[in-house]
Amino acid sequence: MTNALDELVAGLSQPQKMISPKYFYDEAGSQLFEQITELPEYYLTDAELEIMRTHVDDMAALIGKQASLIEYGSGSSLKTRILLEHLDAIAAYVPVDISEEHLYASAQKIRHEFPDLAVHPVVADFTTPFALPTPAVMPVKNVVYFPGSTIGNFEHDAAVELLRVMHGEAGKRGALLIGVDLQKDPAIIDRAYNDSEGVTAAFNLNVLRHLNASHSADFDVDAFEHRAEYDEDKGRVVLELVSQKDQTFAIDATEFDIADGETILTEYSHKYTLEGFARMAHDAGFEVERVWMDPDELFSVQYCTRS
Ligand code: SAH
Ligand code: AVI
């Protein structure tokens, strides 16, 4: 397994320099993401919350009794609360996230709000193998919950690979409940990633602050600018940091040159058609059983079982 420094150096040594979006999320990055979810332009969270509130009874009926809920990239567990309030006799809630401090603080809040719930937070990078705790109460099934369209931050092959891991964790009787952002008027998408308050810009630039603080980097943060563009043909937003001058930076002992105008790719955010997502889920061994959407069909929540 490669460590973080090797991974960062490898990404920045490509002709198109890149940093994995998982490095956005130190405590400051998690807070900035939370601020993004509150922006009027960031339609994803409002649409998904509306879907959850409207259809949670349907979802709870499909999930059934005594399920173990395993959430990938749980963040503040915002949407999860709606499920937790409606599910019957949950065996365990297992939030998994890379942002340690934020995860533990969110898990504490959940414990406080749901005193009878067994909450087992797991700090892990879910793109690498990690162990799940064994709940004290035997679950009837495992339900993997993956809200927020975080699946969209993975390119096709990596997304299928991650869905395959979830397929394994769901087990024979289990399921996947996943938030999937949909293709729409590009202007709506463009606004969501170029908000007027500059919160998304601060979130994007925070990756450099995070690497400076804890991964031995020396980026001149003020010498980069946020850029987010929707590529309609590929159905994805491309987030980059644009160098404002010819400059040099280092990660640990490795130095890199970056030219004026050259970019570091920090994130893709894929937007799907229903058919496109169904095909991808199918490639990972899932069948889409139910799709719920908001009235404007901006976003979807999908219930997938093993095919
Ligand atoms: N599910 C929440 C948060 C989405 S933000 C919502 O829908 O609002 C994405 C979350 O995934 C963050 O909390 C981030 O810390 C986490 N994350 C991103 N990449 C990760 C990885 N590789 N392993 C574990 N967690 C990751
Ligand atoms: C976490 N993920 C689904 C967000 C997204 O919309 O792709 C991250 C984000 N990037 C910029 N704004 C929000």
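A polar side-chain atom of Tyr193 stands 2.5 Å from an oxygen atom of ligand 2. This contact belongs to a predicted model, in which ligand 2 has 13 residues around it and ligand 1 has 18. The protein buries 98% of the 330 Å² that ligand 2 exposes when taken alone. For ligand 1, the corresponding values are 94% and 570 Å².

**Ligand 2**

- The residues that come nearest to ligand 2 are Tyr42, Asn153, Tyr193, Glu267 and Ser269.
- Glu267 places an N or O atom of its side chain 2.6 Å from a nitrogen atom of ligand 2.
- Ser269 has a polar side-chain atom at 2.6 Å from an oxygen atom of ligand 2.
- The shell around ligand 2 comprises six nonpolar residues, six polar residues and one charged residue.

**Ligand 1**

- Gly73, Lys79, Asp97, Asp125 and Phe126 come nearest to ligand 1.
- In the side chain of Asp97, an N or O atom is 2.5 Å from an oxygen atom of ligand 1.
- Asp125 contributes a polar side-chain atom that lies 2.9 Å from a nitrogen atom of ligand 1.
- With Phe126, the contact involves the backbone: one of its polar backbone atoms is 2.9 Å from a nitrogen atom of ligand 1.
- By class, the residues around ligand 1 divide into six nonpolar, seven polar and five charged.

**Sheet and the helix across it**

- Four strands form an open sheet in the order 1-11-8-7, and their pairing is mixed.
- Strand 1 (17–18) and strand 7 (224–231) are the edge strands, each of which pairs on one side only.
- In general, strands of a sheet pair through backbone hydrogen bonds, in either a parallel or an antiparallel sense.
- Eight bridges join strand 7 to strand 8 (residues 236–243), and the two strands pair in the antiparallel sense.
- Tyr230 has Val237, in strand 8, as its bridge partner.
- Helix 7 (residues 186–193) lies across strand 7, strand 8 and strand 11 (263–270).
- The helix 7 axis runs at about 160° to strand 7.

Definitions and conventions. Residues numbered from 1 in each chain as written. Chains lettered and ligands numbered in written order. Predicted model: local features only at pLDDT ≥ 70, side-chain atom pairs only at ≥ 80, totals over all residues. Heavy atoms only, no water. Pairing = 2+ DSSP bridges. Contact = heavy atoms within 4.5 Å. Axes fitted to C-alpha atoms, helices over the stretch in contact; angles between N-to-C directions. Near = heavy atom within 4 Å. Polar contact = N/O pair within 3.5 Å; in protein donor to acceptor, adjacent residues only side chain to side chain. Areas by Shrake-Rupley, 256 points an atom, 1.4 Å probe, with all protein chains shown as cover. Nonpolar A, V, L, I, M, F, W, Y, C, P; charged D, E, K, R; others polar.
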